[in-house]
Structures are given as structure tokens and as C-alpha cells.
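Hi everyone, thanks for making time.

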Amino acid sequence: MDERALQIQACMYQYSRAIYRSIKDLIDPYVDDATRIQFRREVLEACEQTMERLAKDPLYFAKPDRALFQDIRRYFPITCQAQVAWAVREGVAAAVAFIESQIEAGAFDGGVARCRATTRKGKPCQRTPLPDRVCERISSQTARESRH
């Protein structure tokens, strides 16, 4: 594994741990200690699996925050679920932002950076951006937006 992939993997590990640390104390307090420990393990595993999948397949993982919350919501009392949902949403949003920055930097797709512009149909531009020029689709897109 190259150095960049290891860095991304380490960052995603930190995101999963941050989400877990923010919600672990909210796990159902009315169960026995052995069950609570098992619930914590399962919540941690769900967080790690979500971040791992997000790192491996970021373009095809729709709504990772919703998927993670659906996986872990049964471990929390109903009175804490809004707080858990918020923590999951914020943590996953930070991880998604990090992954998107890595995609723009060319960490995925074989190290080729992708243009941030969109076509007229709203699909992402498939061109490789030039380091010293702005893509003509971005400049034409901003020109269209300024006319409206």
C-alpha cells in the first residue's frame, strides 16, 4: 500500500473513532454490563465498517450517515436517538468532506485529479484539469450563472 492510501486509511480510522467516542456513553443504560459491552463493540464495528466502505468506494456509497444510523440506532434508547443521529451526521459529513478533498487532489482514480465542473446535463466533467488553467466548463458555467 502506498503512503497516501495509508494516510487516508489512518484518517478514516480517526473519523470512525471520533463518531464512536461521541456516542458510546449514550448506549442503552438499562441493559446489563455484559450486554452494554457487546453493544459498544457492535457500534464501534459499524462505525469502522462505514468509514472503511466510504474510503474504498466513495463514489457509490449514497447516504453513508443514514446507513450508519440505521445500523446502530437499535442500541440507543429513543430519548437519545436524535443526539446520536446528529453526531453521526456531523461525523460522517466531516469524513465525506475529507474524502472529497482527496478525490479532488487525485488520491482516487489512479491518482488523476478530476475537474470540478459539470456538463449541461449536470453530470461531472470527465476531463483532467490542467494545473495552470481553469477548465472552460467552469468559466462557461459561472458565466451562465451570472446571467440568471
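Predicted model: local features only at pLDDT ≥ 70, side-chain atom pairs only at ≥ 80, totals over all residues.

**Surface, helices and core**

Residues are numbered from 1 along each chain as its sequence is written, and side-chain values use heavy atoms, leaving out hydrogens and water.

So what's it built from? The protein chain has five helices and zero strands (DSSP runs, H or I of at least four residues for helices, E of at least two for strands, numbered from the N terminus). Of its 148 residues, 32% are buried, meaning under 20% relative accessible area with a 1.4 Å probe, protein chains only.

Now look at α1, residues 3-23, and α4, residues 81-105: they pack at about 170 degrees, with axes 9 Å apart (lines fitted to C-alpha atoms over the stretch in contact, angles from 0 to 180 degrees between N-to-C directions). That makes α1 roughly antiparallel to α4, a label for angles over 145 degrees.

Finally, the largest nonpolar core has 32 residues, and M12, V43, I72 and F76 have the most contacts inside it. Such a core is a set of buried Ala, Val, Leu, Ile, Met, Phe, Trp, Tyr and Cys residues joined through side-chain atoms within 4.5 Å. Which helix gives the most to this core? It's α4, with nine residues.

Terms used. Buried < 20%, exposed > 50% of the residue type's maximum accessible area, 1.4 Å probe, protein only. Parallel < 35°, antiparallel > 145°, perpendicular 65-115°, else oblique.
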